Amino acid sequence: FFFIFSLHHNSVAFKSSSSRSNNKEAENMGAPSFEPLRDIISGAIMAATSVPQLIAYAETVGYAGYRGLSTAGPPLLAWGVATGSPWMNAGVTSLTAVMAKTDLGGEAYVAQYGEEEYVELVAAYSLYVGVASIVMALIGFGKLAQKAPTAVKTGFKWGCELGVLSSALPNGLYAFGSTLKANVATSVFGDVVKTVKGVVPGATGVSGVCNILYAVTNPQTWDVVAALLFISCTLFVMKGKAYLPKSLPPGSEVVLATAAATVFSVFYGYEGGVVGEIPTLDSDAGLSFGPIKIPIEVMDIKGLLNVPIAERCFGGSMVKLFITAAIFSAINFLSIVGIASGFESDNNVSWSAPRELIAQGVSNIAAGAVGSAPVSGSMSRSLVSRMTGATSKLACIITALLWIYMMPYMSVMSPTPKAALSAVIVSAVVKNVVMPKKLLAL
């Protein structure tokens, strides 16, 4: 980050006035003009602030959290090459994590076959979801989804933002995110969750909504230090730009808030949830192309095609597997529709449904190749990308490359409080969750 800032201050081309005018352009007149330095800064911020999400969603899928970090780069790189959006980011989300675990019977599968075989199962499922996405794009599903009524797209976008808020609040207001889940389970909200899921087993979102309601109505249960970190960082990220020197690039407030929280954690012995140890690849692992080494582990694709996913999870029916993968792809794509439609209505950024559906397919195939769960458009990361001044999809490619090549150095974030990183995510969605103007206009 210091290197990026030094680049900024020594760059003649990058003027604060053009930065402000381009922000205005992005808000009112379509996609912003391409400025690679802004994309580098935005991509670096995204790489750092997404770490807790990557870990948390991997654990949601049902395997070790570090796998979320080690497999996040290639799918996002594939997405960045294929997408047409300047801000859209992709990765494992709370929705894809829960759906994959549900479809594959995660906990029972791990108990019976072990985590390594479960990783292969999840990777194989990502391949099927990727192929289904591409097939659906070729037969016209993308154009059909793009014609969904405005009310549906608006509601889905708000629902995704609620999901982002519910995933960030536990680590924001409590020293450890599991505290909120335990508190909700023993409250009246826990009874509501059980009742609703008893009637509609697939209503997984009710847990997130009840988490939000419990957290905001029971401030006496918050951890004081974590909550102060979370609230102060959120306010600084949302309002700090007005008080910072105009010479600083967009996203500076995010870097400063995260850095300050990390320094606080190191020097004052913060005892709440932090990013924690980040494992690195063995020095001999990865792909080599002559002098170029790419530190990623690629799974045996032929072996993945032989994983008995249909026999163990879909009653031996390949037809049922393909139908389930297609449904998964369709629901995934609704997330992308919601995000892209939001950028279109808010910023006049046009998009192509068939292209984004193919991008979803390509990124899921890449996810399968490296052992990741299925991926989709990420509401929180996309909004943070816009908020931090990205001007093109180069920002998301930079994020992917940093995740791939900077893994050995990511331990610098080990002491960073999750409360501070949750604040970055919440600051991108809270305003529209509390006052959803487009939803109220309906």
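Me: A salt bridge is a side-chain nitrogen of Lys or Arg within 4 Å of a carboxyl oxygen of Asp or Glu. What makes Asp-346 and Arg-386 a salt bridge?
Reply: Their side chains meet at 3.8 Å, N to O. The limit is 4 Å, so the pair passes. Asp-346 is in helix α19 and Arg-386 in helix α21 (residues 379-387), 40 residues apart. Helices here are DSSP runs (H or I, at least four residues), strands are runs of E (at least two), and both are numbered from the N terminus.

Me: Before we go on, what kind of model is this?
Reply: It's a predicted one, where local features need pLDDT of at least 70, side-chain atom pairs count only at pLDDT 80 or more, and totals for chains, interfaces and linings use all residues. Residues are numbered from 1 along each chain as its sequence is written, and side-chain values use heavy atoms, with hydrogens and water left out.

Me: Back to that pair: why is Asp-346 called partly exposed?
Reply: Buried means under 20% relative accessible area, exposed means over 50%, and partly exposed is in between (1.4 Å probe, protein chains only). Asp-346 comes out at 28%, so it counts as partly exposed. Arg-386, with 26%, is partly exposed too.

Me: What makes Arg-312 and Glu-117 one of them?
Reply: Their closest N and O atoms are 2.9 Å apart, and the rule asks for within 4 Å, so they qualify. This pair links distant parts of the chain, with Arg-312 in helix α18 (residues 309-313) and Glu-117 in helix α9, 195 residues apart. Arg-312 has a relative accessible area of 34% and is partly exposed; Glu-117, also at 34%, counts as partly exposed.

Me: What else does Arg-312 do, over the face of which ring?
Reply: Tyr-113: Arg-312 lies over its face, at 3.9 Å from the ring centre. To count, NZ of Lys or CZ of Arg must be within 6 Å of the ring centre and within 35 degrees of the ring normal. Tyr-113 also belongs to a cluster, where ring pairs link it with Tyr-63, Tyr-109 and Tyr-118.

Me: How many aromatic pairs does the structure hold?
Reply: There are 11.

Me: Why is the pair of Tyr-125 and Phe-328 called edge-to-face?
Reply: Rings of Phe, Tyr and Trp (its six-membered ring) pair if their centres lie within 6.5 Å; planes under 30 degrees apart count as stacked, over 60 as edge-to-face and the rest as tilted. For Tyr-125 and Phe-328 the centres are 5.5 Å apart and the planes are at 85 degrees, so edge-to-face it is. Tyr-125 lies in helix α9 (residues 115-138) and Phe-328 in helix α19 (residues 318-347), so the pair ties together parts that are 203 residues apart in sequence. Both residues are buried.

Me: What makes the pair of Phe-264 and Tyr-270 tilted?
Reply: Their planes are 50 degrees apart, with 6.5 Å from centre to centre. Phe-264 is partly exposed at 29%, whereas Tyr-270 counts as buried at 12%.

Me: How do you know that Ser-378 is buried?
Reply: Its relative accessible area is 3%, and the cut-off for buried is under 20%. Ser-378 is found in strand β4 (residues 376-378). Leaving out residues up to four places away in sequence, Ser-378 touches Asn-89, Ala-90, Thr-93 and Ile-339, where contact means heavy atoms within 4.5 Å.

Me: And why is Gly-303 called partly exposed?
Reply: Gly-303 has 28% relative accessibility, between the 20% and 50% limits. This residue is found in helix α17 (residues 301-305). Its C-alpha atom is separated by 8.7 Å from that of Glu-120, which is 183 residues away along the chain.
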